[in-house]
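Subject: Structure handover

Hello,

Here is the structure we spoke about. Please open it first, then read the notes below.

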Amino acid sequence: VYDATLALSNVVGVDKNRIFTTGTSLGAQIGVDSIKASIAELALKNQWGPTPRAVVSLYGGCAYPSRTYLTSSVVSPVLWMMGKDDNYYMKGCSSSTFTSIKKIHPQSEFINFANAGHCWDCKALNGFVNKREKQTYIYNADVTKKSRDSTLRFLEQFK
């Protein structure tokens, strides 16, 4: 993440204060991991590059037994979008974490879409059964549009 923010911040015309991450699933988790206070402090100390201004997550997992990704120690606002039918990947998500983040970063949003599971925007994977996760991916055009619109609306506030 910081290699990318550093490279982008050196491009003529790019505002280094308006570099964001957007990720799905594990990519979402990596994005939010990069803005934890401990990581952001390391990045600053080691001059890795600017901290992302905000992070957008589509169906990322909040925590697993081995690791917690979404915590209240984030240093940037978060748009965290989940699907109510995404049983496996929503494990570890806590409304108290969401509330704590909102207190620190009021621009943050947490959206839980009805009738959406993991990979709701994966048209090419519609019907794919992830046997390991016991999850069937169902493409949802309505939620895909809503998540795209929510992302654009969220990012527009950081001018």
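**What was found**

At 17% relative accessibility, Gly 49 counts as buried (buried means under 20% relative accessible area, exposed over 50%, partly exposed in between, with a 1.4 Å probe and protein chains only). This is a predicted model, where local features need pLDDT of at least 70, side-chain atom pairs count only at pLDDT 80 or more, and totals for chains, interfaces and linings use all residues. Residues are numbered from 1 along each chain as its sequence is written, and side-chain values use heavy atoms, with hydrogens and water left out.

Gly 49 sits in the loop between α3 and β2 (54–58). Helices (H or I, at least four residues) and strands (E, at least two) are DSSP runs, numbered from the N terminus. Beyond its neighbours within four places in sequence, Gly 49 is in contact with Tyr 2, Thr 5, Leu 6 and Ala 43. Contact means heavy atoms within 4.5 Å. Gly 49 and Ala 63 are 14 residues apart in sequence, and their C-alpha atoms are 26 Å apart in space.

Helix α3 (residues 37–46) gives the largest share of the lining, three residues. By type, the lining has five nonpolar residues, four polar and one charged.

The terms are as follows. Ala, Val, Leu, Ile, Met, Phe, Trp, Tyr, Cys and Pro count as nonpolar, Asp, Glu, Lys and Arg as charged, and the others, Gly among them, as polar.

**The strands**

β1 (residues 20–24) and β2 pair in the parallel sense over five bridges. Two strands pair if DSSP finds at least two bridges between them. Phe 20 stands opposite Ala 54 in β2. Thr 21 belongs to β1. Thr 21 is buried, with a relative accessible area of 14%. Not counting residues up to four places away in sequence, Thr 21 touches Val 1, Gly 31, Pro 52, Ala 54, Val 55 and Val 56.

β2 is largely enclosed by the rest of the structure, because five of its five residues are buried. Ala 54, Val 56 and Leu 58 point one way, and Val 55 and Ser 57 the other.

β2 and β5 run parallel, joined by four bridges. Val 55 has Val 78 as its bridge partner in β5. β5 is mostly covered, with six of its six residues buried. Val 78, Trp 80 and Met 82 lie on one side; Leu 79, Met 81 and Gly 83 lie on the other.

β5 also pairs with β6 in the parallel sense, over five bridges. There, Gly 83 has Phe 113 in β6 as its bridge partner.

**The cores and α2**

The largest nonpolar core has 17 residues, of which Val 56, Met 81, Phe 113, Trp 120 and Phe 154 touch the most other members. The elements that give two or more residues to this core are β2, β5 (78–83), β6 (109–113) and α5 (141–156). A second, separate core has 13 residues, including Val 32, Ile 35, Leu 70 and Met 82. A nonpolar core is a set of buried Ala, Val, Leu, Ile, Met, Phe, Trp, Tyr and Cys residues joined through side-chain atoms within 4.5 Å.

In helix α2 (residues 26–33), Ala 28, Gln 29, Gly 31, Val 32 and Asp 33 are buried. The buried residues of α2 pack against β1, α3, β2, β3 (63–64), β4 (67–68) and β5.

**Two residues with positive phi**

Most residues other than glycine have a negative phi. Tyr 59 has a positive phi, near 45°. Tyr 59 lies in the loop between β2 and β3 and counts as buried at 3% relative accessibility. Cys 119 has a positive phi of about 70°. Cys 119 lies in the loop between β6 and β7 (129–130) and counts as buried at 7% relative accessibility.

Best wishes
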